[in-house]
Amino acid sequence: MSRKFLYAVIALAMIAGLVACSPASTASTTAPAASSGKIKIGLSFSDFETERWPVENAQMTELLQKDGYEVISQEADHDVKLQSDQIDNMVAEGVKGLIVIAEDGDAAVTPVEKAAAAGIPVISYDRLIKTDKIAAYISFDNVAVGKAEADGVMKALGLPGSTTWTKDNPAKVVLSGGSPTDNNAILVRSGQMQVLQPFIDQGVIKVVADQWVDNWDATKAEQMMENILTAQQNKVDAVVASNDGTALGELQALKAQGLWGKVPISGQDATADGCNSIVLGGQTVTVFKDTRLLAPQAVKMIEALVQGQAPTGLKQYTLAELTNDKTKTGNVMANFLPVVEVTKDNVYDVVVKSGFQTYDAVYRNVPADQLPPRP
């Protein structure tokens with residue numbers, strides 16, 4: 001069974017369960033049901049292959065239904081044109097507000113601006129849609145994510161202060177960015193470079209490869225890492241990867257060459273698999289973003305907007321600073337949630353005790369004599 005198919009099944013099961021609990025409401029990944037007479041809110045997802053999206057779709061759907069809204073939820077399976085058509089169709093079906101997780105932050109501009117022109121507020125959720133016509137942008141501090149990733153890898157190399165890495169023997173570092181169509185990947189890379197550039201300038205690390213992974217796809221990341229290892233004759237000392245999924249794919253390539261657990265590698269999202277890899281000694285660091293807080297804030301914002309009220313907790317940013325593109329003009333109201341760097345030392349306290357991931361998921365396959373107590 002493919003992972004894409006599995007996530008689609010999970011998403012549909014979640015939505016079906018929610019609809020069963022609230023018969024008068026609708027949540028569809030295909031055609032919407034007949035109108036219930038309630039205010040409609042549209043949820044547009046880039047995909048359900050990404051582990052977190054089906055969960056957040058179910059969370060937002062449930063919250064909105066509890067507050068009396070009808071929900072139309074659709075996912076585009078990484079298809080830019082399909083997502084654009086789905087947004088246009090939701091506008092035609094009478095939604096009064098939209099929450100959009102964009103596949104492509106540039107391509108989504110056209111349907112979102114059409115929606116805004118029709119008086120429909122649009123929240124750009126976690127991924128920036130590059131127009132000042134969005135009503136709000138809510139995400140995590142993606143620059144801080146990149147800083148934490150690079151910091152965790154550099155610390156694992158013993159930097160600063162290492163006597164191993166010198167100008168004559170620099171650490172060979174691979175940079176692995178996320179999807180180039182996702183503005184978050186650009187911001188994450190900006191944060192990474194703020195940490196890495198001083199070491200590059202000192203000559204104690206050398207970037208031997210720089211890759212970007214379409215759709216944050218783990219299989220593509222694995223294939224890219226295989227090619228890099230071949231080109232570098234396996235002489236790679238660290239990987240600054242941008243999320244857990246791509247890191248785990250790259251770890252498979254490293255494992256095939258006997259480098260699993262020997263080459264520090266980063267990620268983000270604190271996924272169950274990523275955290276399990278950390279406690280087993282594979283992945284070095286992840287970045288915890290408490291997505292349980294993001295969906296409720298987005299729901300509060302869209303409810304305020306459709307009721308003609310101004311959402312709270314927002315700060316004004318320029319599009320230029322949010323995209324690292326000086327040619328972008330206009331301002332966006334946004335809110336960025338904090339993030340936490342997670343390693344083997346604090347994964348129990350930050351991820352497990354908080355209930356973000358279960359004890360059994362994080363500590364599976366860990367020998368009994370190495371297990372911490374259950375929280």
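Mentor: A nonpolar core is a set of buried Ala, Val, Leu, Ile, Met, Phe, Trp, Tyr and Cys residues joined through side-chain atoms within 4.5 Å, where buried stands for under 20% relative accessible area with a 1.4 Å probe, protein chains only. This is a predicted model, in which local features need pLDDT of at least 70 and side-chain atom pairs count only at pLDDT 80 or more, while totals for chains, interfaces and linings use all residues. Residues are numbered from 1 along each chain as its sequence is written, and side-chain values use heavy atoms, with hydrogens and water left out.

Trainee: Which residues touch the most other members of the largest nonpolar core?

Mentor: Among its 30 residues, those are M60, L64, I99, I123, Y125 and I138. Of the elements, which are DSSP runs numbered from the N terminus (helices H or I, at least four residues; strands E, at least two), α10 gives the most to this core, with seven residues.

Trainee: What is Y125 in contact with, leaving aside its neighbours within four places in sequence?

Mentor: Contact means heavy atoms within 4.5 Å, and the partners of Y125 include W53, M60, I99, I138 and L294.

Trainee: At what angle do helices α8 and α9 pack?

Mentor: Axes are lines fitted to C-alpha atoms, for helices over the stretch in contact, and angles run from 0 to 180 degrees between N-to-C directions. Helix α8 (residues 244-256) packs against helix α9 (residues 272-280) at about 50°, with the axes 9 Å apart. That makes α8 oblique to α9, oblique being whatever is left after under 35 degrees (roughly parallel), over 145 (roughly antiparallel) and 65 to 115 (roughly perpendicular).

Trainee: Which residues meet there?

Mentor: D244, L248 and L251 in α8 meet D273, G274 and S277 in α9.

How values were computed. Buried < 20%, exposed > 50% of the residue type's maximum accessible area, 1.4 Å probe, protein only.
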